[in-house]
Amino acid sequence: MSSAAILVPRSLEEVFPLLGPDGTLLVGGGTALSLLVKTRMVAPRQLVWLGRTPTLQKVTVENGVLRIGAGVTLHGLSESELVRRHCPSLARAASEAANVRVRAVATLGGHLVHADPRQDLPPVLLAVGATVGLASASTAREVQLDDFLISFMETRICPGEVLTHVCVPVDTGRREVYLRFSPRSCEDFPTVGAAAAVTIGATNRIVDARVGVGAVGSRATVHRCLRPPVSEEELTEGLFATAAAAVAEETEPMADHRGSEHYKRHMVFVLVKRALSGCVAANQRAT
């Protein structure tokens with residue numbers, strides 16, 4: 001990595017002309033890329049560091065959308081007042097990912113483009129219906145995160161594009177919970193991560209419910225496990241168990257040193273049930 005030239009553009013407009021040559025890689029925090037270089041999985045000739053690009057560092061709320069720049073660090077996400085207010089599960093997931101050293105430099109954009117299925121943030125962003133902004137010298141587009149993620153370290157970003165931001169719809173009726181389970185160290189990737197986002201309408205009925213699951217298969221996935229509208233009287237532990245069982249059945253666990261297929265499927269059931277129950281409990285406390 002030390003032999004590669006490092007370029008530091010000061011604006012997004014300065015980034016695009018640098019993306020043409022083969023062997024050029026964008027760098028956010030470099031926490032994942034440095035490991036890939038050390039293991040010789042990649043050998044970049046030049047690196048374009050985005051840490052001095054102001055438009056990628058902003059967090060704003062406008063027209064009912066929380067817009068987070070791709071250059072915001074995980075620590076920045078966890079400490080942002082706007083993120084805490086409008087997407088608290090994202091702030092929590094960011095605060096629990098990896099360790100304090102990684103969180104200080106790893107960026108939201110790098111996190112998503114790296115597309116490691118064991119990451120903490122994708123399940124949360126899938127549950128809240130996030131989109132990613134992609135821009136090149138001549139185009140700009142918004143893509144649902146569920147469409148952006150393809151498989152292990154594979155996304156729909158095209159050559160010449162930069163992931164510029166993530167958008168999360170603001171919904172005052174949404175309740176969110178993120179749970180992770182890691183039996184080894186809190187700094188380790190989770191064996192399973194599950195996020196639930198439940199929107200409660202004016203009549204105290206569930207009008208939308210989504211669950212994001214990560215660290216199970218080749219990518220994080222999103223599931224609609226409840227059939228809205230669901231009245232308050234129907235919100236029982238039995239309903240949550242049925243919904244969680246449906247999500248667990250839809251997943252395609254891959255066995256690894258963190259757990260067998262059977263174990264991971266069971267943990268999906270446990271965490272999804274707890275997350276859904278937690279969302280409803282949060283709404284009851286709020287009302």
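Okay, let's start with Thr53, which touches Pro9, Arg10, Ser11, Leu12 and Val15, leaving aside residues up to four places away in sequence; contact here means heavy atoms within 4.5 Å. Before I go on: this is a predicted model, where local features need pLDDT of at least 70 and side-chain atom pairs count only at pLDDT 80 or more, while totals for chains, interfaces and linings use all residues. Numbering runs from 1 along each chain as its sequence is written, and side-chain values use heavy atoms, with hydrogens and water left out.

So where does Thr53 sit? In the loop between strand S3 (46-49) and strand S4 (59-62). Helices (H or I, at least four residues) and strands (E, at least two) are DSSP runs, numbered from the N terminus. Thr53 is buried, at 1% relative accessible area. Buried means under 20%, exposed over 50%, and partly exposed in between, with a 1.4 Å probe and protein chains only.

Now the sheet. It's an open one of five strands, antiparallel, in the order S4-S5-S10-S6-S7. S4 and strand S7 (140-144) are the edges, each pairing on one side only. On average, neighbouring strands are turned by 25 degrees against each other, direction ignored; the axes are lines fitted to C-alpha atoms, for helices over the stretch in contact, and angles run from 0 to 180 degrees between N-to-C directions. Two strands pair if DSSP finds at least two bridges between them, and S5 (65-69) with S10 (162-169) has five, antiparallel. Arg67, for one, has Cys167 in S10 as its bridge partner.

On to our other threonine, Thr131, in strand S6 (131-135). Thr131 is buried too, at 14% relative accessible area. Its side chain makes a 3.1 Å polar contact with that of Glu142. That term means N or O atoms within 3.5 Å; within protein, one must be able to donate a hydrogen and the other to accept it, and residues adjacent in sequence count only if both atoms are side-chain atoms. Thr131 also touches, among others, His165, Val166 and Cys167.

Last bit, the cores. A nonpolar core is a set of buried Ala, Val, Leu, Ile, Met, Phe, Trp, Tyr and Cys residues joined through side-chain atoms within 4.5 Å. The largest has 37 residues, and Leu77, Leu90, Leu121, Leu125, Val132 and Val166 touch the most other members. Helix H8 (121-127) gives the largest share, five residues. Apart from this core lies another, of 29 residues, including Ala194 and Cys225.
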